Number of protein chains: 2
Amino acid sequence: MMNETGYDVAILGATGAVGTRILAQLEQSTIPVKSLKLLASVRSAGQTRQFRGQDIVVEEATPDSFDGVDLVLASAGGSLAGKLLPEAVKRGAVAVDNSSRWRMDPNVPLVVPEVNPEALASHQGIIANPNCSTIQMVVALEPLRKAYGLNQVIVSTYQAASGAGQRAWDELLHQAQQHLDGETETAEILPTKGDKKHFPLVFNLLPQIDVFQDDGYSFEEQKMMQETKKILFGDPKSSEVKVTATAVRVPVPIGHGESVYVSVADESATREDVQHILASAPGVILEDDPANQVYPQPINAVGKRETFVGRVRADNENPGSFNLWVVSDNLLKGAAWNTVQIAEELVKRDLIHSQAK
Amino acid sequence: MMNETGYDVAILGATGAVGTRILAQLEQSTIPVKSLKLLASVRSAGQTRQFRGQDIVVEEATPDSFDGVDLVLASAGGSLAGKLLPEAVKRGAVAVDNSSRWRMDPNVPLVVPEVNPEALASHQGIIANPNCSTIQMVVALEPLRKAYGLNQVIVSTYQAASGAGQRAWDELLHQAQQHLDGETETAEILPTKGDKKHFPLVFNLLPQIDVFQDDGYSFEEQKMMQETKKILFGDPKSSEVKVTATAVRVPVPIGHGESVYVSVADESATREDVQHILASAPGVILEDDPANQVYPQPINAVGKRETFVGRVRADNENPGSFNLWVVSDNLLKGAAWNTVQIAEELVKRDLIHSQAK
């Protein structure tokens with residue numbers, strides 16, 4: 001059932017791995033939805049999806065699709081986001097975008113609701129959802145920043161195939177079948193659609209996510225370094241914390257792992273303090289009981305909204321430095337849930353200027 | 001064909017994942033073998049293996065098996081190594097051991113031939129082969145230590161199932177089949193035989209290798225920290241370098257990956273310098289051409305003796321600090337090849353006092 005009052009909402013890229021999850025998260029959310037449009041490429045137009053008991057036909061996204069829309073939840077890739085979201089804003093909508101297209105724009109807030117919801121206040125129509133790996137890391141870092149300040153972050157990621165989309169996820173499972181059938185694995189998408197060569201991911205590790213820059217870092221690694229600074233300190237070039245990243249794709253369908261080394265600004269911080277702070281941090285579930293083999297695992301995080309943190313260890317040679325193991329569902333907190341959660345914050349703060357109101 | 005002169009050799013644990021590879025590496029080695037005994041548990045006794053065209057029947061290992069043996073290459077687990085290797089030494093043999101049993105013994109050299117072959121000179125009968133993850137890391141670190149000195153190492157591992165033995169490797173493949181058949185994955189070995197609970201590794205990440213200590217580190221992580229110091233600086237508690245580690249099991253059959261962050265003692269070191277040094281380092285193959293998507297991958301390292309290093313990047317916020325991606329065949333350089341390579345060094349340095357000579 002749609003609400004009689006509320007927002008006219010559109011989901012852009014409604015049929016993808018993230019889009020279908022935005023639909024499900026929206027269904028469970030507190031946002032009053034008066035009407036819902038499902039928008040996608042012409043290829044998916046005509047398909048039907050259910051929302052709160054009602055059938056909705058997917059339409060092809062055009063600029064005019066956004067007439068009368070208050071809120072756009074977008075997961076349609078960078079070039080479409082670049083083209084269509086300004087059209088939506090021109091027509092009076094507020095758009096939350098999952099692509100990397102708008103994240104570094106100084107006029108666009110980059111938001112993780114547990115960390116910097118106050119950044120929403122200055123939005124000019126578009127709000128960017130950060131990169132999946134960045135989101136789960138800053139959820140774990142923010143409570144430590146707040147308690148101690150941060151000096152340095154060194155992260156190595158273990159990223160799931162679904163981060164590269166539904167087709168990459170399908171490719172991984174297909175490769176597993178090929179391997180067990182004694183066939184040669186074929187690869188057409190991974191490590192990244194945007195590059196020339198493709199390699200099997202099944203039973204392998206691919207230290208490439210997105211394309212490479214001249215300094216040797218991948219765009220994914222650069223995103224983690226810049227977005228972390230923008231979210232935590234308001235500036236992608238902030239010198240308040242040093243961040244370096246290594247991003248690796250692993251043969252896991254859903255659920256990113258991260259080995260995070262963090263040096264806080266207070267050398268007296270202990271392992272127990274850090275565990276205590278994380279145990280009560282918003283959006284975090286501390287799973288840290290080594291004696292009983294309790295630690296975060298991707299298969300346990302699938303379908304959950306929270307970020308799971310465990311394996312907290314003090315670097316005994318560097319006071320104030322800690323190793324953490326951080327896992328989250330990259331399609332939910334890393335994408336769909338964070339997007340809907342931003343929308344809930346926009347509603348709560350009355351930052352969607354509904355045209356129907 | 002056996003040599004008419006040479007060494008009487010025994011392989012202890014000859015039928016395991018590492019033992020079968022020690023046999024193959026010995027076959028290809030320069031070591032003159034006069035006779036070869038294959039020793040294993042009573043379960044494997046009676047099986048036949050080929051060596052240089054000759055059939056050899058596997059015998060049950062007992063203390064008396066080592067009568068007349070000059071050189072023992074052992075991969076039979078810690079408790080058997082603790083019991084049997086002193087018996088071998090008592091009978092005049094030199095033993096190279098793959099287990100962790102002897103590695104921290106101050107009287108036992110812990111050797112990676114590219115790094116510290118000179119440590120062999122002081123052996124008292126037993127030489128320890130380091131942990132697989134440690135070996136490939138120190139092969140990549142030693143040339144940087146030599147050129148610059150080292151301040152700090154922070155490593156996150158991506159370790160293959162075969163590091164936990166043939167049965168763990170089989171379990172991973174079986175779980176993959178179960179997953180594709182829509183069955184629930186069963187786990188009896190991973191993450192580690194020695195602990196109470198078992199979890200599926202396929203399409204998952206297990207941040208546990210070996211059992212945990214009170215400080216939260218796993219034994220695998222402790223091994224990496226202590227062994228690295230002993231190999232590079234002669235003392236497992238050396239303060240000449242700081243080392244911290246996070247060890248994670250990934251769904252890969254063979255080939256460990258490592259994300260290594262290293263701070264060298266010379267802040268003027270550049271990315272190009274580090275690449276240049278690694279390109280000519282012994283045992284290292286530099287695979288570092290991001291523009292052409294050339295970087296180390298486990299599937300390409302399988303069956304190779306070398307350690308592959310790539311993704312060299314300078315931490316632009318910390319002069320003298322670099323990110324590396326290091327991959328090697330954990331069963332070869334991480335175990336069987338390093339063992340046979342130590343034996344070759346012992347021969348070359350005339351440190352096996354053959355009783356037949």
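Glu221(A) and Arg311(B) form a salt bridge, with the closest N and O atoms 2.7 Å apart (side-chain nitrogen of Lys or Arg within 4 Å of a carboxyl oxygen of Asp or Glu). Six salt bridges are counted between chain A and chain B. This is a predicted model: local features need pLDDT of at least 70, side-chain atom pairs count only at pLDDT 80 or more, and totals for chains, interfaces and linings use all residues. Residues are numbered from 1 along each chain as its sequence is written, and side-chain values use heavy atoms, without hydrogens and water.

**Interface**
- Chain A brings 67 residues to the contact and chain B brings 67 residues (heavy atoms within 4.5 Å).
- About 5600 Å² is buried between chain A and chain B, with 54% from carbon and sulfur atoms (accessible area, 1.4 Å probe, that two parts lose on being put together, summed over both).
- Phe203(A), Leu205(A) and Gln293(A) supply 13% of the area that chain A buries against chain B, more than any other three residues.

**Aromatic rings**
- The structure holds seven aromatic pairs over all chains (Phe, Tyr or six-membered Trp ring centres within 6.5 Å; planes under 30 degrees apart are stacked, over 60 edge-to-face, the rest tilted).
- Phe199(A) and Tyr295(B) have ring centres 5.9 Å apart and planes at 80°, so the pair is edge-to-face.
- Both Phe199(A) and Tyr295(B) are buried (under 20% relative accessible area, 1.4 Å probe, protein chains only).
- One aromatic cluster is formed by Tyr158(A), Trp325(A), Tyr158(B) and Trp325(B).

**Charge over ring**
- The charged end of Arg101(A) sits over the ring of Trp102(A), 4.2 Å from its centre (NZ of Lys or CZ of Arg within 6 Å of the ring centre and within 35 degrees of the ring normal).
- Arg305(B) lies over the face of Trp337(B), 3.7 Å from the ring centre.

Technical notes:
Chains lettered and ligands numbered in written order. Buried < 20%, exposed > 50% of the residue type's maximum accessible area, 1.4 Å probe, protein only.
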